[in-house]
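Welcome, and please get your viewer ready for a short walk. Each stop gives you something to select and then tells you what is there.

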Amino acid sequence: MRGIRVLGVALLLGAALSACGKKGSDALTIGFSQVGSESGWRAAETRMAKTAAEQRGVTLKISDAQQKQENQIKAIRSFIAQGVDGIFLAPVVSTGWDQVLGEARDAKIPVILLDRAIETSDPDLVFSAVRSDTVLEGKVAGDWLIKEVAGKPCNVVELQGTVGSSPAINRRKGFVDTLGTAPNLKIVRTQSADFTRSKAKEVMESFIKAEPAGSICAVYAHNDDMMIGAIQAIKEAGLKPGKDVLTISIDGVPDIFKAMEDGEANATVELTPDMAGPALDLLVDYKKNGTQPPKLVQTKSTLFLPDTAAQEYQKRKDIY
Ligand code: AHR
């Protein structure tokens with residue numbers, strides 16, 4: 001009799017623990033302060049974050065800051081007040097975060113940065129980060145252009161991302177440093193177009209008007225969406241993008257592969273939009289098992305050219 005009682009208690013205890021363990025990971029609630037929806041890549045990152053959370057049984061609350069830092073700070077404070085288990089932050093700009101991230105740390109809520117970096121004197125404000133090496137992306141772009149022009153003189157125009165954002169700062173740095181090794185290449189115009197198609201079309205139109213006819217040999221855009229806008233402006237000026245004006249950009253969105261198939265774009269450096277998946281995994285592992293994550297999970301920066309555009313388009317068209 002006693003044996004049956006002990007076995008019964010053990011079974012009940014086991015069930016309670018496993019329910020608690022399962023419930024523990026399923027009950028996680030994460031607040032995600034998202035930049036906005038400025039590009040196709042950003043929209044894909046948001047979509048993939050929702051899917052990744054559902055697959056892991058995590059509740060994900062997403063706040064769209066419409067590219068305004070004050071909205072992100074408000075969202076983080078709201079997540080803290082709600083007592084979320086973790087905060088994801090894709091920081092629209094790289095400075096001005098110490099105060100609010102200090103409040104998150106005081107509330108013992110881990111913060112994980114997605115796809116962008118911040119400047120801080122206190123690196124312990126950030127639990128972990130998932131992002132690419134944005135300086136390397138600019139270097140890969142510059143290396144491709146140097147090889148493509150093969151020593152011929154080439155005047156380049158640059159469409160920068162959001163002023164003060166880490167990808168804009170670093171993609172410019174990587175590109176400029178790399179072009180410094182090739183005296184035949186010269187950046188004749190550079191301006192921010194805020195990572196958007198519409199602004200990039202306007203800025204490219206102004207570059208074309210300002211520069212001597214036919215003198216622009218290449219355009220470097222910090223993301224594919226701005227390149228799509230620039231391609232429109234190049235065509236409206238009666239020039240052939242991909243031929244009269246070479247194109248190199250970053251993200252690897254489906255539309256840039258479409259443009260490559262149409263002979264209107266030359267190269268892109270891929271940035272995976274799946275940043276939230278790895279971030280969720282390291283947070284669940286920490287919450288369930290106490291596993292300390294690395295400070296950085298770095299994603300790849302692979303160059304893609306027209307020879308594989310058709311299959312790359314097919315691979316991406318359903319996740320964007
Ligand atoms: O931070 C990543 C950048 O932000 C992407 O390259 C761009 O499309 C988005 O706006």
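A residue counts as buried when its relative accessible area is under 20%. Keep that cut-off in mind as you move through this predicted model.

Start by selecting A221, in strand β8 (residues 216-221). Its relative accessibility is 0%, so A221 is buried. Now show its surroundings: leaving aside residues up to four places away in sequence, A221 touches L159, M226, M227, I248, S249 and I250.

E158 is buried at 0% relative accessibility, while R172, at 28%, is partly exposed.

Next, select E137 and R171, whose side chains meet in a salt bridge (2.6 Å, N to O). E137 is in helix α5 (residues 134-149) and R171 in helix α6 (residues 166-179), so the pair ties together parts 34 residues apart in sequence. Both E137 and R171 are buried.

For another salt bridge, pick D281 and R56 (2.6 Å, N to O). D281 belongs to helix α10 (residues 276-289) and R56 to the loop between α2 (40-55) and β2 (59-64), 225 residues apart.

Finish at the largest pocket, with about 200 Å³ of space. Among its 13 lining residues, R105, P110, D124, V126 and F127 are the closest to its centre. The lining comprises eight nonpolar, one polar and four charged residues.

How values were computed: Residues numbered from 1 in each chain as written. Predicted model: local features only at pLDDT ≥ 70, side-chain atom pairs only at ≥ 80, totals over all residues. Heavy atoms only, no water. 1 Å grid on protein atoms, 1.4 Å probe; cavity = no way out; pocket = protein on both sides within 12 Å on 5 of 7 lines; lining within 4 Å. Points joined across faces, edges and corners; volume = space filled by probe spheres on them. Nonpolar A, V, L, I, M, F, W, Y, C, P; charged D, E, K, R; others polar. Helix = DSSP H or I, 4+ residues; strand = E, 2+ residues; numbered from the N terminus. Buried < 20%, exposed > 50% of the residue type's maximum accessible area, 1.4 Å probe, protein only. Contact = heavy atoms within 4.5 Å. Salt bridge = Lys/Arg side-chain N within 4 Å of Asp/Glu carboxyl O.
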